[in-house]
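Dear colleague,

I am handing over the structure we spoke about, and my notes on it follow below.

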Amino acid sequence: MKFRIDIRRKEGLSDPEGMTTHKALHNLGYTDVTSAHFGRTIYLEIEAADPAAAAAEVETMCRQLLANPVIEDYDIGVVG
Amino acid sequence: MTESPPDTAEPAHRQLGMTDDEYESVIAILGREPRPAELAMYSVMWSEHCSYKSSRTHLGRLPSSAPWVVVGPGENAGVVDLGDGWLAALRIESHNHPSFVEPYQGAATGVGGILRDIFTMGARPIAVWDPLRFGPLDEAHNRYLFGGVVSGIAGYGNAVGVPTLGGEVEFADRYAANPLVNVMALGLLRREQLVLSAASGVGNIAVLLGAATGRDGIGGASILASASFDEESGSKRPSVQVGDPFEEKRLIEACLELYDRSLVVGIQDLGAAGISCATSECAANGGMGMDVDLDSVPVREDGMTAGEILMSESQERMLAIVEPAAVADVVAVAEKWEVNASVIGTVTEGGSLRVRQQGELVAELPAASLSDDAPKYDRPLARPGYLDELWAAGLTAAPPGDVAEVLPALLDDPALGDRSWIYQQYDHQLFLNTIIEPGHDGSLLRIKGTDKALAVSTDGNGQRCYLDPRRGASRLVMESALNVAVTGTMPYAVVDNLNFGNPEKPEIMWQFSETIDGMAEACDQLMIPVIGGNVSFYNESAGVDIYPSPVVGMLGFADPMPSSPPRLDRARAAMEIWLVGPRDETDFAASAYSRVIHGRLDGRPAATNPDVGRGVIAAAAGLAHHLPVLHDISSGGIAVALAEIAITSEIGLSIGDVGWSELWSEGPHRFLALCEPGSMPTLEVPTVRIGTMGGTTLDFGRHGAVELSTATGVWRAAIPRRMA
Amino acid sequence: MVFPGTNCEHDVVHALDLIGLQPELVFHKETDLTGFDAVVLPGGFAHGDYLRTGAIARFSPIMGAVTAMAATGAPVIGICNGFQVLCEAGLLPGALVANRDLAFICRPVHLRVETSRSALTTGAASGEVLRIPLNSYEGNYVASPETIREMEAADQILVRYCDASGTISDAANPNGSIGNIAGVCNAAGNVAGLMPHPERAVETVLGSTDGIGLLRSIPAFADLVATRP
């Protein structure tokens with residue numbers, strides 16, 4: 001199974017990289033941009049017989065290692 | 001967070017960490033029940049972290065005056081006079097609790113905070129040091145914390161453009177659930193640039209500079225730093241702050257330009273307790289009041305309450321007090337550096353701090369009451385019962401052994417091995433001031449355009465302080481002073497960071513009180529003032545307190561600087577090796593030898609000797625102008641100090657008449673000096689030749705030998721092999 | 001050249017002063033470089049290195065004038081972050097990415113000079129070994145194999161990481177740069193980028209003076225350009 005994990009800064013925490021990029025886009029004339037936020041995407045392939053168990057395992061991986069639950073939220077998607 | 005207390009039985013003030021007595025004091029000051037925003041302000045400003053309520057009783061015993069002190073404790077940083085119009089600003093702080101919760105951001109925002117303390121004074125920050133304590137690296141979580149903290153310091157410090165010149169590190173179980181992340185910064189300024197945080201002048205304008213205010217770090221000062229860790233630490237996570245070194249870099253440049261052009265009357269950084277603290281301190285320090293309009297504060301999130309805006313610890317913000325005519329210029333400078341500037345308040349007569357939100361008065365209180373009326377506790381003290389037994393145990397000699405076994409074991413210890421894994425991640429050369437880089441006893445910085453130089457050393461030894469806090473603290477001051485002396489400077493001023501456990505336990509308060517006395521005693525003996533400090537209590541997890549861990553930051557000063565200061569890598573074949581200072585073979589309490597080889601922590605550390613201490617420090621500072629290598633003897637004793645010289649200089653050595661115990665003992669007031677044959681000057685302190693440089697072996701005669709290549713390999717791998 | 005986030009500008013000014021030049025700082029919002037003989041883009045973290053290192057700085061108002069100056073054949077030098085900006089701006093081939101070990105590296109490295117035809121190496125001899133401090137997180141030079149072949153054919157590789165004896169090896173490669181490349185130039189040799197910091201190696205008391213020859217190359221190259229028929 002293939003999983004796609006999108007990780008981003010928790011809402012409300014500052015995202016300096018996003019803010020700076022937002023400002024740079026404005027300076028280039030893209031004034032219709034109202035916000036920019038950065039995230040990371042991780043693709044995982046897992047040999048799994050039981051899709052539900054694999055999804056639960058990915059969830060655990062996110063909490064334990066892939067995301068930092070202190071400052072990050074994440075979404076897990078199945079891509080194949 | 002909401003302003004109305006959640007539906008529980010616990011009253012609002014207790015949820016904010018305030019005692020019933022403290023709440024009664026607030027009512028007495030106001031003559032009424034506090035509004036929600038007012039309660040929020042008092043709860044943060046009266047927290048342990050902001051008010052020093054458990055420590056103030058004792059801190060006054062530290063000597064803080066000397067003719068060269070320009071600004072003593074109490075301001076954002078201590079300032080000393082270096083002559084010819086040059087001043088140096090020094091400050092130390094802890095970021096222990098935030099770094100445990102989120103190591104990268106905790107350490108990063110610690111660096112950001114200390115830099116603001118320095119440039120608040122008008123100084124350009126020129127260097128940072130980081131004393132660190134973690135649990136043993138055998139455990140994955142300790143490696144995660146250690147790695148995260150080091151990359152947080154590097155990530156922020158390098159990007160903000162201030163060099164990090166090292167610090168020191170120790171590892172012990174007691175720090176596993178409560179690591180220590182201390183950070184010290186040095187700034188340099190011309191006398192006319194000195195700025196203080198007083199808001200004088202009715203009608204002057206308060207301008208908020210820098211980042212927008214968000215909910216991050218709300219209650220951080222009171223909640224994170226004023227309570228112990230327990231299983232609920234997870235629920236405290238929203239208090240984590242995120243640092244933005246790019247914002248801080250622009251803020252530094254903008255503020256320094258404001259000072260250059262004399263556009264500000266006073267300035268204060270926003271750290272713990274955010275706008276509450278900055279507005280009240282500016283007003284109170286100037287004997288004034290202030291009207292503040294929260295609608296003018298740029299916020300990152302909608303719907304923030306008055307209490308949240310007042311308490312937010314969002315990073316990279318400053319509050320400048322500006323004359324009305326200068327506001328336009330201030331805004332223009334801010335725009336140049338792409339820093340946000342908002343007029344948020346006006347200085348008023350009468351000492352009252354009034355805060356409005358959407359036209360409504362949300363707080364009105366005497367500005368000075370937030371700091372001056374803060375509670376002050378004289379907590380009970382009790383000498384810990386375990387001390388007698390520990391003192392009676394202790395090694396007084398090293399059991400027979402072989403250098404070939406003992407020395408590699410010590411060099412493999414991560415607290416004794418090569419620390420370049422840490423400091424090579426830090427930019428330690430920026431500004432072209434760094435003459436002695438990390439990896440030596442003290443850092444040495446030149447002041448360009450002058451012959452002057454500043455040396456800095458940070459030192460701590462929690463285990464020694466655990467066995468005897470008074471002697472431990474006194475020895476820290478002496479060791480730190482010797483560390484700056486071997487770079488050719490004389491000790492000039494001290495800052496201290498006092499990391500302790502739960503002050504509500506009498507044994508912890510006793511450790512604290514003894515530490516103050518030991519530190520005061522040594523500073524008096526060396527005639528050096530304590531110009532600032534920080535207290536971090538509640539370093540406790542699941543009922544276990546950390547070792548009492550005072551950290552000393554010593555500033556040394558030389559004018560002129562040695563033309564060719566001693567370095568560990570300047571040893572060459574045939575140079576003579578001399579031991580300067582008293583002979584010693586019995587001081588094994590909290591020694592590296594006891595800990596690493598025998599797994600013990602007991603005994604009573606040797607006391608300092610002020611006359612010997614002063615003599616040895618003066619001898620070192622003098623010799624540094626002539627000799628190629630000087631090296632303080634500390635953890636691991638003479639043997640480890642010799643090995644560090646040999647490894648760094650890539651040359652062997654042979655040692656003559658030194659006893660087995662003397663190789664590992666850690667008595668105070670000693671250093672190694674190397675000189676060309678026959679060139680050792682006569683000194684007024686005990687001096688004895690103990691060996692010669694040369695060959696490819698560390699040869700300790702009858703005690704055994706280690707190949708230089710073996711020692712080098714073990715020493716270099718001590719940290720990398722554990723972090724791999 | 002000062003972008004917000006640049007931090008080595010005063011060090012570069014100090015070093016250029018020492019070798020007798022008359023450096024001036026130019027803020028990134030300026031648009032005119034009239035009167036200057038050469039431009040140095042110093043190290044630091046322009047725009048916080050956010051998005052990609054150098055990516056935002058290349059759109060700064062001053063970059064138009066920098067590009068125009070490069071076209072005249074005058075020396076345009078990028079050090080560390082400045083090198084990254086020149087790559088992002090397309091004035092130099094290749095790009096710089098995170099170090100192989102994903103850690104910041106601050107220590108002196110050895111460099112072997114590969115050519116003396118650029119604005120940074122006119123004063124150095126091919127094969128000479130220099131000791132210069134490296135100080136970067138994104139110092140890992142990458143380019144496609146075709147680009148590398150073209151650059152080698154056109155003698156555009158200035159210096160490579162080596163050991164003290166000048167041997168190029170994996171062990172002497174601090175950050176994973178392809179072919180141990182530490183500095184490159186454009187086809188004309190006037191635009192040059194270097195990852196280590198020559199301005200940190202200009203005084204004995206700082207540990208090395210090997211950067212002086214590199215910095216002295218800038219006016220020497222400018223004179224060559226000026227006297228060219």
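How many residue pairs are in polar contact between chain A and chain C? The count is one residue pair, with both residues at pLDDT 80 or more, where a polar contact is a pair of N or O atoms within 3.5 Å, one within protein able to donate a hydrogen and the other to accept it, and residues adjacent in sequence count only if both atoms are side-chain atoms.

This is a predicted model, in which local features need pLDDT of at least 70 and side-chain atom pairs count only at pLDDT 80 or more, whereas totals for chains, interfaces and linings use all residues. Residues are numbered from 1 along each chain as its sequence is written, chains are lettered from A and ligands numbered from 1 in the order in which they are written, and side-chain values use heavy atoms, with hydrogens and water left out.

Between chain A and chain C, about 530 Å² is buried, 81% of it from carbon and sulfur atoms (accessible area, 1.4 Å probe, that two parts lose on being put together, summed over both). Glu17(A), Thr20(A) and Leu28(A) supply 58% of what chain A buries there, more than any other three residues.

Turning to the rings, the whole structure holds 17 aromatic pairs over all chains (Phe, Tyr or six-membered Trp rings with centres within 6.5 Å; planes under 30 degrees apart are stacked, over 60 edge-to-face, the rest tilted). Tyr42(B) and Trp46(B) are edge-to-face, because their ring centres are 5.1 Å apart and their planes at 70°. Tyr175(B) and Tyr547(B) are also edge-to-face, at 6.0 Å centre to centre and 75° between the planes.
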